[in-house]
Amino acid sequence: MAQITLSKLAHSYFPKPRGEQDFALKEMDHVWQDGGAYALLGSSGCGKTTLLNIISGLLKPSQGRVLFGDRDVTDAETSERNIAQVFQFPVVYDTMTVRDNLAFPLRNRGMDAAYIKARVNQIAAMIGMDAMLDRKARGLTADAKQKISLGRGMVREDVNAILFDEPLTVIDPHMKWELRTQLKQLHREFGHTMIYVTHDQTEALTFADKVVVMYDGRVVQMGTPEDLFERPAHTFVGYFIGSPGMNLLPADIRGDTAYVQGAPVPLGASYAPIAGKSQIGIRPEYAVLTRGDGLPITIRRVEDVGRHRIIRGEVAGTSVNVIAPEGMAVDTTLTHVRFTPDRINVYADDWRVEGGAA
Amino acid sequence: MDKTQNNKAWFLVLPVLVIVAFSAIIPLMTVVNYSVNDTFGNNEFFLVGLEWFEEMVTSSRLHEALGRQILFSAIILAIEVPLGIYIALNMPKKGFWASVCLVLMSLPLLIPFNVVGTIWQIFGRVDIGLLGHYLSKIGIDYNYTNDPLDAWITVIVMDVWHWTSLVALLCYAGLQSIPNAYYQAARVDQASRWSVFRYIELPKMAGVLLIAILLRFMDSFMIYTEPFVVTGGGPGNSTTFLSIDLVKMAIGQFDLGPAAAFSLMYFLVILLVSWVFYTVMTNLDKEEGK
Amino acid sequence: MALELQAVSRIVKGQMQISPTTLTLEKGTMNVLLGPTLSGKTSLMRLMAGLDVPSAGRLKWDGADVTGVRVQDRKVAMVYQQFINYPAMSVYDNIASPLRLLGKDKAEIDRAVRATAEMLKITAMLDRKPLELSGGQQQRCALARALVKEAGLVLLDEPLANLDYKLREELRAEIPRIFEESGAIFVYATTEPEEALLLGGNTATLWEGRVTQFGPTPTVYRQPADATTARVFSDPPMNFVSCFKEGHRMNFGGLANSPADGAFAALPDGRYTAGFRANHLHLNTHSGQTVEFRCLLGVTEITGSETFLHLTHGNDRWVGLVHGVHDLQPGTEVSVWLDPAHVYIFDAEGRLAAPAAYAAAA
């Protein structure tokens with residue numbers, strides 16, 4: 001196991017990049033802790049797969065270094081990096097039995113037969129495949145095959161890191177719960193460094209200790225799920241995390257009050273004057289419909305999603321979503337929306353501004 | 001349950017049935033007719049029953065031709081299949097050179113059979129052929145018109161030259177369908193080159209490989225043109241394969257009855273082998289989809 | 001004006017692929033087929049489209065029998081999970097292609113293509129080729145092609161499954177609006193309960209080739225007719241615990257029990273299975289949450305605003321979803337609380353014996 005250091009790392013698929021726009025991955029410096037569970041989250045084309053491929057050794061970065069512990073592995077082959085990887089689609093050796101599939105990485109490294117047997121049994125029990133060990137992998141369902149892939153990823157104890165490339169894409173929603181919990185449990189038990197690439201915020205947030213949100217080849221924020229939810233560093237994070245994402249309203253910030261088209265909104269902190277574009281961001285979870293308190297809202301639609309309601313409306317010409325509890329009646333007397341002051345974030349040119357004491 | 005709705009479909013199949021009847025079944029019946037009759041010309045036939053079949057089954061001439069035929073097919077399969085796989089594995093996967101390779105590999109397949117025969121016939125001649133001339137110049141006693149072994153080597157090398165590309169191209173197509181993730185996974189698992197071949201490439205190629213073997217077996221088992229052009233079945237009878245023998249019998253000696261019996265048995269052997277291959281292949285598919 | 005399925009079934013190789021299904025889909029409705037992979041969503045759609053012929057039963061369109069009518073002769077459009085467009089044609093020609101096949105005149109085609117493109121916000125991309133577009137735009141193009149010919153029946157087979165999470169959210173919010181504008185019968189297959197809820201309309205839950213319930217989406221969600229429907233329509237999965245009623249008390253095992261009033265009062269004494277959803281478990285007790293369970297806490301998952309608790313209660317594995325971020329120690333015993341008004345009671349056959357009081361009131 002090892003700490004992973006990305007030092008001045010950048011990558012371009014062009015041989016002679018002319019400028020920043022040619023880089024799929026913009027220069028970054030990061031240190032990922034040994035034993036941490038990290039998720040790389042972003043939409044397609046944001047650079048997350050490029051970054052994963054650089055860590056796995058499939059791609060050689062155009063500049064910068066990758067370190068596992070103290071060892072520079074930038075030029076090392078995948079097989080020398082001592083990593084495990086689980087792919088988007090199940091990769092199993094069809095002609096082998098489930099047991100041989102799980103044992104394969106250990107046998108290739110010349111491990112002791114007794115150890116292999118014990119370890120394979122242990123992993124099989126953990127992924128719930130112990131009853132099927134002697135079946136051929138060919139003909140199993142996609143779910144079962146992906147479990148084997150996960151198991152093969154876990155089977156070696158000494159790996160530097162385990163990489164997951166959207167591993168739950170082909171899995172049914174119900175099975176996702178089971179596999180995700182298993183992954184989490186395995187992480188807790190073995191303490192491997194894990195890196196999990198996904199576009200699905202629920203997967204990223206629930207899996208990782210630290211979520212790395214990527215946008216346009218850049219890491220826009222790295223933080224705990226709570227950080228990303230409560231204090232998105234960039235409006236993109238606000239939009240991308242949460243369902244629906246954060247509401248953003250253009251506002252003038254004066255001290256501890258924001259003015260949305262002249263209407264005052266109290267803030268939880270005091271801010272220095274902002275030059276350029278200023279906005280306030282508020283999660284739908286922290287917005288409440290009222291009968292006159294707050295900003296006037298025009299309600300367009302009410303969606304019942306079971307455990308809560310999503311009210312889609314408009315405030316000062318900008319769409320605003322409000323989350324209301326299950327079973328709450330939404331009627332025409334609800335004409336205004338109020339925001340919880342200390343949950344409001346302030347953005348200057350899309351980047352979050354830290355406030356002072358109110 | 002769908003059939004009640006789809007009776008119309010039979011009308012659509014009808015033209016095919018008619019064509020097959022005229023192109024295959026009726027000519028085949030003529031052959032069957034010849035195989036159980038004897039004739040002395042003038043369109044006079046009299047029934048001889050299975051006599052010709054008995055004669056053919058016990059004929060040492062046919063046995064020898066069959067032995068040569070099996071040996072020939074076995075040798076060319078033993079060379080072309082591994083060689084084809086080897087070439088496919090080492091072809092570039094994409095880019096300019098992949099296209100160049102594909103074109104070069106396809107060239108022998110595009111040459112008409114008798115031209116292939118003529119090329120090698122001239123190529124191997126000791127007096128004017130490039131190969132024959134230089135082989136004898138460096139002291140190798142090579143002459144396919146005199147020496148049965150040289151004739152065999154020539155015919156086999158010619159077939160390998162002509163048909164290995166087919167095996168290679170089919171395997172190449174099979175290899176192309178393997179997602180990159182498998183190779184990446186193998187690298188992560190530290191699989192050896194052999195393991196990658198044994199557990200990833202070979203299973204994924206198995207289907208097309210079987211088709212390639214079947215095609216090569218049938219073609220080689222029915223081979224006629226190329227060896228006929230090069231050696232004419234000689235020296236002696238050393239390269240007289242089944243087809244060549246059959247033609248000699250039917251056209252050369254005008255023994256229509258035995259030739260008809262011979263060709264029917266020939267046909268049944270090929271049908272049997274194809275059926276075995278088909279069964280193996282569909283079973284393989286079934287396992288795949290289980 | 002409706003599509004009627006009358007005891008339609010399909011048997012393939014002796015296996016019941018679709019059990020006899022009777023459904024009436026009214027014109028201008030959104031109908032969601034909700035069920036896990038291989039539950040028969042696609043098979044049922046193929047029957048509706050006429051791609052497959054039912055083994056038994058009749059299919060009626062506006063009262064006329066269309067059971068054996070070929071798909072080409074019906075007014076049906078289908079959109080798949082894969083983005084299926086003609087790669088060599090521009091987006092404009094892709095959208096126009098079904099109309100050209102119908103032999104419409106040029107001006108009419110142009111008007112229809114532009115109106116549909118406008119509705120799906122791809123007007124700016126009309127001159128481009130599908131493969132130059134993002135996944136979301138490609139699927140918009142496929143949707144436009146399905147909508148442009150004003151088919152009476154539009155079948156969408158997990159159309160958003162191959163899209164990124166956020167794109168999915170965006171397009172999903174638009175689909176009800178698009179559908180309202182078109183007035184056709186929409187059938188939408190999905191594996192995700194949340195998607196069904198967001199789309200609204202009616203939902204048919206599917207399990208092993210059988211429609212377990214069909215009705216307005218919120219009704220099916222809150223008043224499932226049986227445990228299978230409840231399970232299919234819950235994400236995270238519904239939690240179950242065996243319980244028994246004795247006199248005026250409902251016992252949930254151990255010390256957990258509640259008065260058997262309301263809907264529980266009418267139940268005869270005996271053994272039942274209680275079901276409740278993850279978001280109705282709480283880590284503390286408020287006024288209504290009177291039933292306490294002692295559970296072993298497995299892992300917790302934090303979404304930023306909420307926490308998923310993976311719990312073991314006896315032999316049952318539960319998931320709880322609670323508000324706020326709770327950093328609890330895995331492997332410890334915790335108390336979770338439940339309001340009996342959120343509990344569904346199922347009998348031994350899995351049928352709903354008593355609805356949850358909160359749902360009956362809603």
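This is a predicted model: local features need pLDDT of at least 70, side-chain atom pairs count only at pLDDT 80 or more; totals for chains, interfaces and linings use all residues.

In chain A, R343(A) forms a salt bridge with E230(A), and their closest N and O atoms are 3.0 Å apart. Side chains of opposite charge can pair when their charged atoms come close.

- The domain assignment divides chain A into domain 1, residues 4–240, and domain 2, residues 247–353.
- Taken over C-alpha atoms, the centres of domain 1 of chain A and domain 2 of chain A are separated by 37 Å.
- Eleven residues of domain 1 of chain A touch eleven residues of domain 2 of chain A.
- About 1,000 Å² is buried between domain 1 of chain A and domain 2 of chain A, and carbon and sulfur atoms give 51% of that area.
- On the side of domain 1 of chain A, F229(A), E230(A) and T235(A) supply 52% of the area buried against domain 2 of chain A, more than any other three residues.
- How many salt bridges does the rule find across the interface of domain 1 of chain A and domain 2 of chain A? The rule finds one.

**A UniProt record for chain A**

- An unreviewed UniProt entry lists residues 4–241 of chain A as "domain: ABC transporter".
- Residues 4–241 of chain A are 35% helix and 24% strand.
- The end C-alpha atoms of residues 4–241 of chain A are 25 Å apart.

**A sheet in chain A**

- Four strands of chain A form an open sheet in the order β11-β14-β21-β22, with antiparallel pairing.
- The edge strands of this sheet are β11 (247–250) and β22 (351–353) of chain A, each of which pairs on one side only.
- From one strand to the next, the twist of the sheet averages 40°.
- Strand β14 (residues 278–282) of chain A is joined by four bridges to strand β21 (residues 345–348) of chain A, and the two strands run antiparallel.
- Which residue of β21(A) stands opposite I280(A)? The residue is V346(A).

**Where chain A meets chain C**

- The contact between these chains involves 37 residues of chain A and 41 residues of chain C.
- Chain A and chain C bury about 3,400 Å² between them, with 54% of this area on carbon and sulfur atoms.
- H174(A), W177(A) and R307(A) supply 20% of the area that chain A buries against chain C, more than any other three residues.
- Four salt bridges are counted between chain A and chain C.
- R180(A) forms a salt bridge with E301(C), with the closest N and O atoms 3.2 Å apart.

**The two domains of chain C**

- Chain C is divided into domain 1, residues 2–230, and domain 2, residues 236–359.
- The C-alpha centres of domain 1 of chain C and domain 2 of chain C lie 37 Å apart.
- Eight residues from domain 1 of chain C and ten residues from domain 2 of chain C take part in the contact.
- Domain 1 of chain C and domain 2 of chain C bury about 820 Å² between them, 57% of it on carbon and sulfur atoms.
- Within domain 1 of chain C, the residues that lose the most area to domain 2 of chain C are Y221(C), R222(C) and A230(C), which together account for 51% of what that side buries.
- Across the interface of domain 1 of chain C and domain 2 of chain C, the rule finds zero salt bridges.

- The secondary structure of chain B consists of twelve helices and two strands.
- The C-alpha atoms of chain B fill a box of roughly 75 × 75 × 30 Å along the principal axes.
- In an unreviewed entry, UniProt lists several stretches of chain B under "transmembrane region", including residues 70–89 and 196–218.
- Residues 70–89 of chain B are 100% helix, and the end C-alpha atoms of this span lie 28 Å apart.
- Residues 196–218 of chain B are also 100% helix, with end C-alpha atoms 30 Å apart.
- K204(B) forms a salt bridge with D94(A), the closest N and O atoms being 3.8 Å apart.
- This pair crosses between chains, from K204(B) in helix α9 (residues 193–221) of chain B to D94(A) in the loop between β6 (83–86) and α2 (98–108) of chain A.
- Over all chains, the count by this rule comes to 45 salt bridges.

How values were computed:
Residues are numbered from 1 along each chain as its sequence is written. Chains are lettered from A and ligands numbered from 1 in the order in which they are written. Side-chain values use heavy atoms; hydrogens and water are left out. UniProt positions are given in the numbering used here, feature names are shortened, and annotations may be inferred rather than shown by experiment. Two strands pair if DSSP finds at least two bridges between them. Axes are lines fitted to C-alpha atoms, for helices over the stretch in contact, and angles run from 0 to 180 degrees between N-to-C directions. Domain bounds come from an automatic or database domain assignment. Contact means heavy atoms within 4.5 Å. Buried area is the accessible area (1.4 Å probe) that two parts lose on being put together, summed over both. A salt bridge is a side-chain nitrogen of Lys or Arg within 4 Å of a carboxyl oxygen of Asp or Glu.
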